[in-house]
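Student: I would like to learn how to read ring contacts and strand pairing. Can we work through a case together?

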Amino acid sequence: MEQVEFVRQCFRELFSDDGGDLVARQGRILSFMDKINSRIENYESSSWKYPQKINDVIYYLNLWRPWENYIFKSTEATNWANCIEFGDDFGSGADFSLEKYYRMCDELLEAVQNNETIMKLHAERFAREAQGYDDKLHMLVYDIIYCADTYGFYLQAKAATTSTKERIKRARLRSALEEAQANLVSAQRDLEEKQREVFCVDMTGTQVVHKKFGTGNVISYQDGKLHISFPSGDKLFQYPAGIEKGFLTVPDGDLMEKIVLEIKTKADLDVAEKKAVDARKEYERLQKETGLI
């Protein structure tokens, strides 16, 4: 009876509520393993048969609350991580991270929930066999991981042999490429918006003032230059640089406000064009690095 109560107490501690704290949950898993295995070692004749491994204890948690836990088997989980190029290392043995493994499972869960075909098939099976039992699709998530490996569903043979380091590197590159693509789309959208905002003030016939040449009238605007008639003769000034740098002033306040706005829209366009060019270069660089071009 002492041994029975000991085992029961170990399970009580393992099944303690943790409010979703996976680090605390992993601590209880390791504590359960240490306590049970230390007791098993006292029975030399059969101690080799029953040591508790981390996947065993995680399975107990899944049996207890499947809607909060997943099943774990190292080989199947690692091969799945390699196949999808999961961007982190959940490790194994003493280096195992429950939080990282569950995060990979949560990503698969989200994908399953968004797959109409799988959800339809599951709903039909659920109605036929589950008898109201609902594990929030956690068993289905592991079924997919298990079956993909067991029945050879992987399209690439390398899925089972990819190193963790290489897999994480590829995942990070893929994530960076997706971010670069989003940045490029955003930059192009901003550029198009700035292009629509740009306008040119018609300066023809406008009166302008120059400190040296006095008051003059704009005759025409061509090739980025204002042709201005002054009492002393006609002159050419860069536009809008001549106004920006203070060589020319415009007495008409309303018109001057429009010119200032025009200058701003063109400056904003220059910035948007540079961002779009930089975003395109970064996207193409990452495409090349990931082997997509």
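Student: Is Tyr-101 buried or exposed?

Tutor: Start with the general idea. Buried means under 20% relative accessible area, exposed over 50%, and partly exposed in between, with a 1.4 Å probe and protein chains only. Tyr-101 has 0% relative accessibility, so Tyr-101 is buried. Phe-72 is buried too, at 3%.

Student: What should I know about the model and its numbering?

Tutor: This is a predicted model: local features need pLDDT of at least 70, side-chain atom pairs count only at pLDDT 80 or more, and totals for chains, interfaces and linings use all residues. Residues are numbered from 1 along each chain as its sequence is written, and side-chain values use heavy atoms, leaving out hydrogens and water.

Student: How many aromatic pairs does the structure hold?

Tutor: Rings of Phe, Tyr and Trp (its six-membered ring) pair if their centres lie within 6.5 Å; planes under 30 degrees apart count as stacked, over 60 as edge-to-face and the rest as tilted. The structure holds 18 such pairs. Take Phe-11 and Phe-15: the ring centres are 5.6 Å apart and the planes lie at 55°, so this pair is tilted. Phe-11 is partly exposed at 24% relative accessible area. Phe-15 is partly exposed at 23%.

Student: Why is the pair of Phe-72 and Tyr-101 edge-to-face?

Tutor: Because their planes are at 70°, with ring centres 4.8 Å apart. The pair links distant parts of the chain, 29 residues apart. Helices (H or I, at least four residues) and strands (E, at least two) are DSSP runs, numbered from the N terminus. Phe-72 is in the loop between helix H3 (54–64) and helix H4 (74–84), and Tyr-101 is in helix H5 (residues 98–113).

Student: Which cluster do ring pairs link?

Tutor: The cluster holds Tyr-70, Phe-72, Phe-86, Phe-90, Phe-96, Tyr-101 and Tyr-102.

Student: Where does the charged end of Arg-39 sit?

Tutor: A charge sits over a ring if NZ of Lys or CZ of Arg is within 6 Å of the ring centre and within 35 degrees of the ring normal. Here the charged end of Arg-39 is over the ring of Phe-6, 3.8 Å from its centre.

Student: In what sense do strand S1 and strand S2 pair?

Tutor: Two strands pair if DSSP finds at least two bridges between them. S1 (residues 207–210) and S2 (residues 214–222) are antiparallel, over 4 bridges. A hairpin of 3 residues joins them, and His-210 stands opposite Gly-214 in S2.

Student: How many bridges join S2 and strand S3?

Tutor: S2 pairs with S3 (residues 225–230) over 5 bridges, in the antiparallel sense. Ser-220 stands opposite His-227 in S3. The hairpin has 2 residues between the strands, and Asp-223 in the turn has a positive phi of about 55°.
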